[in-house]
Amino acid sequence: MPPAIQTEQLTKDFAVGFWRTRPRRALDALTLDVASGEVFGFLGPNGAGKTTTLKLLMQLLFPTSGRALILGRPAGDLSVRRRIGFLPEQPYFYDYLTAEELLEYFASLFGCPRSERRARTARLLDEVGIGSERRLALRKLSKGMIQRVGLAQALVNAPEVVFLDEPMSGLDPLGRRDIRSLVLRLRDRGCTVFFSSHILSDAEALCGRVGILARGRLVACGRLSEMLAGDVRGWELIVSGMTAETLAPFAGRLTSTARIAEGRHALEFPRTTAPEALIADLASAGARVVSLTPVHPTLEEYFVEQVGRGGAAQRGE
Amino acid sequence: MSGRIIGLVAGAVFRESVRDRVLYNLVAFALLLIGASLLLAQLTAGQDVKIVKDLGLSAMSVFGLFIAIFIGIGLVSKEVERRTIYSLLAKPVRRSELVAGKYAGLVLTVLVNLAVMGAMVYVVLAWLSWGQPAEVGRSWDAPATDPRLLVAMFLVFVQLTLVIAIALFFSTFASPLLAAAFTAALFIAGHFTADLQHLGSVVKSPAVALMSKGLYHVLPDFALFDVKAAVVHGQPIAPNRVALAVGYVVLYSGGLLGLAVLIFSRRDFK
């Protein structure tokens, strides 16, 4: 089975300047595979090239070089568009249509019969949490409601692959929770979800794999669990039978000490300190070891490190 | 190109336009103007039917023009500016189908509006002629509810389909403001193409003569559609004049829409 999404050396330059234009590279040789049924998080700071990538996949932009395939066929192919859904960043729809009318209109573009259109529209609007607002003109809806309508229209053809550009943007915590559970439901149905975000907690909650984009280049890509398991930042040791006074001699070897219960402490120490020697010394001071856990960087720390490294590499440092 | 998709896009344009209050205001204003013509007719004995015909046809032309330009210039550029096009083009819709659908939608909108305005003109004329003595009727150049008015109204419609094609063409690459300026400029210049042809024959400079000749051939000839004076005075309109106008618009609009599709199909939406 071909990957659901595949890009090969996908590159996009924009002409900048008014009179003597020069190219500015927005996306640099992006090569990426997303397997069918996967939830893939496309992460990066603002201006990294996430939206440019999504627009190239939707053929709203034409690549300078390279190619993009969706479901084994060139992106932009009409047969591909029948099988995908797309939520643009900060979507905006027709002022004078209602959510119901918009969805019915979009469903009709897929050749959906009238009777089925009604039922599908109602079901999707229920699923994204649009109630009586569905009969209001779209210009009267809040940003969060529009985002939900945007998500519903992306699913109107029961797509095999869904592209979501910053799907949590403009949503309150309840809305974000709803969208997260919707994405997980899509995954359970076997739908491939490709979503861009700069909110890392969303990626951590939803994605099997992530790609990190910085200044148009893919600086990291892989399973979240593997990415974060690779480097041990330090260790967390839980001990009992110690007091603040008996721990004081060890302060220089620890990065932090926290009391978690009577006589029980959580001690953090750097990866340069050998756990065996420290445990032996603590034991001779009367400590009993409860647990020892390696501390991995959070996605945020990993992200900051990768983005910083990507920027430095581009500057030739 | 799929006729079904074009029809669906056209239907959405029609619905959006009809719900847009600007459109209602224009129609209301047109109706007001016809009302004003009635008032004017009270002051000019014997000439009322002629004035109503003249004013009615002019109002149809002017308000139809406003609708064609002000909605036409935003047909594509507004979709791009507001980013509604992102969702639409992710659906199985070719860019050419989008352009054709937008055009068809506005043509339908203008047609419905002209039909309403035309019906109003006939109602007013019928009301004016109702109960008039036979000798008054005989003094008119043509019957009050002259069916030839339909020919003039049809040519107003044909002219407006060309204006829509021009506005849509500019809308595919220019902002609404620029597209409005370009469309209005072409519309005005298009009424003076005969003068351009004449200029080419009287100037001494061959360069200016060549330029005026070139412009004469490139600019749309809007004088072709103006049969108002003839119809108001009850003169016949030759069928080949109507056929020529229709043929001209089919070719000119077809060319413009072809160019619009060409530009729009290669455009990046940043």
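Two residues are in contact here if their C-beta atoms, placed from the backbone, lie within 7 Å. Keep that rule at hand for the tour.

This is a predicted model, in which local features need pLDDT of at least 70 and side-chain atom pairs count only at pLDDT 80 or more, while totals for chains, interfaces and linings use all residues. Residues are numbered from 1 along each chain as its sequence is written, and chains are lettered from A in the order in which they are written.

**Stop 1: chain A**

Select chain A and look for its 11 helices and 14 strands; helices (H or I, at least four residues) and strands (E, at least two) are DSSP runs, numbered from the N terminus. The C-alpha atoms of chain A fill a box of roughly 80 × 50 × 40 Å along the principal axes. Of its 317 residues, 38% count as buried, meaning that 20 or more other C-beta atoms lie within 10 Å of the residue's own.

**Stop 2: the two domains**

Now colour residues 5-228 of chain A as domain 1 and residues 234-295 as domain 2; such bounds come from an automatic or database domain assignment. How many Å separate the centres of these two domains? Over C-alpha atoms, it is 47 Å.

**Stop 3: where the chains meet**

Show both chains: 20 residues of chain B are in contact with 23 residues of chain A. On chain B, select α1 (3-19) and α5 (84-89), the elements that give two or more residues to the side touching chain A. Of these, α1(B) gives the most, with 5 residues.

Note on methods
A residue is buried if 20 or more other C-beta atoms lie within 10 Å of its own, exposed if 12 or fewer, and partly exposed in between; C-beta atoms are placed from the backbone.
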